[in-house]
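Thanks for making time this morning.

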Amino acid sequence: MSALQQYINLYHDASELVCERAVDVLNMARPEAERQFCAFVDSTAKLEDYKYTDYKTLLAPDYGLNLRRLSFSSASKYKKPSCSIAQMDSVVVQMENDVPYISSEDLARLPKGVFVGSFSEAAIQVPQILENYYGKFAEKHSDPLTSLNTLFVQEGLLIFVPSGCKIDRPLQVISTTHSNQPLMCHQRLLVILEDGASLTLLHCDETAATVDTLTTQVGEIVVGRESELQMFLLEETGVQHTRFHQVYLQQDKDSSVEWFDLTLQNGYTRNTLRGCFVGENASLATYGVALASGKQRVDNNLLVRHEVSNCRSTMLYKYVLDDQSVGAFAGKVYVAQGTVKNESEQTNANLCAGNDARAYSQPMLEIYADDVQCSHGSTVGKLDEAALFYMQQRGIPLAEARLMLQHAFVGEVLEHIPIEALRQRLSILTDLRLRGKREKCQGCKAVDACY
Amino acid sequence: MLEIKDLHAEVEGKEILKGIDLTIPNGEVHVLMGPNGSGKSTLSNVLVGHPKYTVTQGSVIFNGINLLSLSAADRAHEGIFMSFQAPTEIPGVSMTNFLRAAINAKREYHKLPALSASDFLKLLREKRKLVGLDAHFMNRGVNEGFSGGERKRNEIFQMAVLEPLFSILDETDSGLDVDALRIVAEGFNTLRTESTSALVITHYQRMLDYLRPDRVHVLVDGRVVQSGTIDLGYEIEARGFDWIKSAVSSDN
Ligand SMILES: Nc1ncnc2c1ncn2[C@@H]1O[C@H](COP(=O)(O)OP(=O)(O)OP(=O)(O)O)[C@@H](O)[C@H]1O
Ligand SMILES: [Mg+2]
């Protein structure tokens with residue numbers, strides 16, 4: 001049996017169970033997802049999008065799925081997490097596997113009209129929003145992991161910010177994988193910013209499991225006219241964790257999105273971002289940092305579609321790869337025919353700190369318009385020998401000098417983080433990670449203790 | 001005291017230093033002159049432990065320590081400093097962080113506690129004044145976007161902060177305007193003590209005027225071919241190197 005066929009079989013055997021414990025909107029999307037997924041099962045063609053990630057092999061192990069939705073957590077549901085980034089005063093949503101929890105105190109701190117909660121809760125309180133948006137963006141793309149997610153997903157998190165509403169404090173989603181046996185978990189996120197809304201979202205992925213786990217995460221994000229989104233994704237999982245993260249982002253006129261994706265600790269990570277401008281004058285600035293060592297792998301795959309005129313997109317992704325780790329970056333900008341004055345800039349820089357580390361870099365442009373300004377560049381390099389020696393001459397030991405240069409290298413990405421407290425915290429986390437002092441997220445208390 | 005004996009060194013398989021003997025007692029400043037390519041920077045790099053240069057013969061003893069057996073960082077901790085002929089840029093590493101790491105590494109080596117934040121900032125402020133380096137340079141990356149002269153000034157600033165026992169100044173004067181040269185040279189002079197010494201590489205008389213070195217040595221083709229007082233330096237300034245070179249070749 002092929003790696004993928006087992007999921008079709010499982011779905012056939014358990015579809016009742018899957019559907020029974022999920023809201024209708026999710027169930028209604030399954031037949032199409034099944035059709036799409038079956039096409040991948042039957043096909044032997046190599047997918048260009050998965051050039052650097054052998055998803056079939058990664059899906060081959062026999063993970064368990066928690067279709068009966070047993071609780072893994074012995075802790076109380078509303079336990080305040082230890083993560084609290086100084087001075088940020090964020091509203092916290094805890095995700096345990098696929099289930100979001102938010103305390104009533106935190107709910108009360110959100111402006112009126114904002115919805116933050118589970119899909120089951122949304123189906124009761126704001127059914128129309130769930131119906132209007134769920135699956136409308138992801139399913140247009142043909143992607144095996146997205147189909148798999150839609151096929152099995154049973155719960156998710158909806159964040160809805162109504163027209164004109166600007167949430168002044170950050171929303172922090174702390175997503176933790178819990179399991180005492182091999183587990184595959186499907187998570188779903190839907191973020192809707194109506195016109196003139198703004199949101200800062202910090203999404204932390206961590207793991208409490210010490211067994212093999214795999215998550216598929218599908219996010220659909222809609223950013224309305226003149227809306228602003230700041231998104232920070234931080235992964236600090238572990239070597240036994242495989243993570244497929246797919247985001248479908250749609251931006252309307254005059255909107256702006258700043259996107260930061262940091263992989264500090266992981267097993268195998270594939271981040272997919274599909275951005276699309278449907279209204280003019282919109283901007284999307286993406287930034288990424290990946291720190292990998294041992295046998296860790298990070299594959300960032302981005303596509304931004306300029307379907308209309310006067311939009312701007314940038315990508316700045318930096319990797320520090322040690323030992324036998326592998327980093328891949330594929331960034332593509334598409335500019336549609338008939339559009340004018342689109343701008344894009346792509347930069348991918350890799351530092352191979354270990355001799356056996358490998359970096360694959362593939363910046364691409366697909367342009368059907370004349371009046372554009374697009375640039376791209378990629379580099380794979382080693383630490384600057386002259387700088388290393390200069391530092392040693394001043395008394396800085398080689399190991400420390402290397403760390404400082406690596407930190408400076410990714411610092412060029414971190415410096416774009418617009419929130420001072422977060423920038424500092426992420427800079428410290430990066431430093432600890434490079435020093436090998438942080439195997440996984442240990443909460444912010446551990447960080448405070450070091451500084 | 002720094003004692004260099006019969007030092008031979010090569011780079012990329014080519015012998016550059018061909019048996020150098022040089023002794024610099026504590027409290028003294030010696031000047032090293034010599035034509036381009038004669039090996040002055042090579043000697044400096046060998047003394048500070050640059051990995052590209054291989055010592056094939058000879059010894060370097062510094063205050064009783066076999067310098068050649070130490071790593072570059074440990075040589076720095078023992079008090080060796082080099083003002084680079086072409087200081088490197090280190091984008092993204094601020095001067096402040098760089099110097100804090102350097103000072104605290106040295107303190108750790110000598111089993112001293114790390115400097116407190118306020119003591120450290122006070123030290124930087126004090127030493128900046130000595131060489132007239134503006135405060136805003138501290139937040140910039142090391143030498144990042146510094147002009148040629150600013151880099152040289154920054155080298156002496158670092159020397160002032162790190163308080164080495166033995167300093168090598170490799171053409172620190174070149175690139176400095178007349179006023180900057182005076183400030184830097186005066187700064188250097190105020191750092192001199194009974195227990196410090198220096199080897200100053202220069203092509204120009206002005207440096208001799210300011211530093212009043214105890215000895216002047218001339219390096220030709222990897223060997224010290226002549227040593228003398230400051231007058232030897234002035235003679236070279238007036239007559240060039242050819243007369244020494246021909247004197248050396250007629251000796252051979
Ligand atoms: N890293 C290196 N790789 C190759 N050759 C080198 C290297 N460093 C020095 N050399 C060679 O060694 C010789 C001596 O160079 P060095 O830089 O020591 O001269 P110098 O006396 O400092 O000259 P200048 O007055 O021009 O600074 C030169 O021929 C130079 O090309
Ligand atoms: Mg030189």
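Before I name any atoms, a polar contact here is a pair of N or O atoms within 3.5 Å, and within protein one of the two must be able to donate a hydrogen and the other to accept it, while residues adjacent in sequence count only if both atoms are side-chain atoms. What you see is a predicted model, in which local features need pLDDT of at least 70 and side-chain atom pairs count only at pLDDT 80 or more, whereas totals for chains, interfaces and linings use all residues. Residues are numbered from 1 along each chain as written, chains are lettered from A and ligands numbered from 1 in the order of writing, and side-chain values use heavy atoms, with hydrogens and water left out.

So where does ligand 1 make its polar contacts? An oxygen atom of ligand 1 is 2.8 Å from a polar backbone atom of Gly37(B), and a nitrogen atom of the ligand is 2.8 Å from an N or O atom in the side chain of Tyr53(B). A further oxygen-based contact, at 3.1 Å, involves an N or O atom in the side chain of Gln85(B). Taken alone, ligand 1 exposes 630 Å², of which the protein buries 70%; these accessible areas come from the Shrake-Rupley method with a 1.4 Å probe.

Around the ligand there are 17 residues, and Lys40(B), Ser41(B) and Thr42(B) are among the closest, where being near means having a heavy atom within 4 Å. The largest share of this shell, 3 residues, comes from H1(B). Helices (H or I, at least four residues) and strands (E, at least two) are DSSP runs, numbered from the N terminus.

Turning to the sheets, two strands pair if DSSP finds at least two bridges between them. One open sheet of chain B has 4 strands in the order E2-E1-E4-E5, with antiparallel pairing, and its edge strands are E2 (14-24) and E5 (65-66). Within that sheet, 8 bridges join E1 (residues 2-11) to E4 (residues 53-62), and Ala9(B) stands opposite Val55(B) in E4(B).

The other open sheet that I want to show has 6 strands, ordered E6-E9-E10-E3-E11-E12 in chain B, with mixed pairing. Its edge strands are E6 (80-83) and E12 (223-228) of chain B. Strands E3 (residues 29-33) and E10 (residues 197-201) of chain B pair in the parallel sense over 4 bridges, and Leu32(B) stands opposite Ile201(B) in E10(B).
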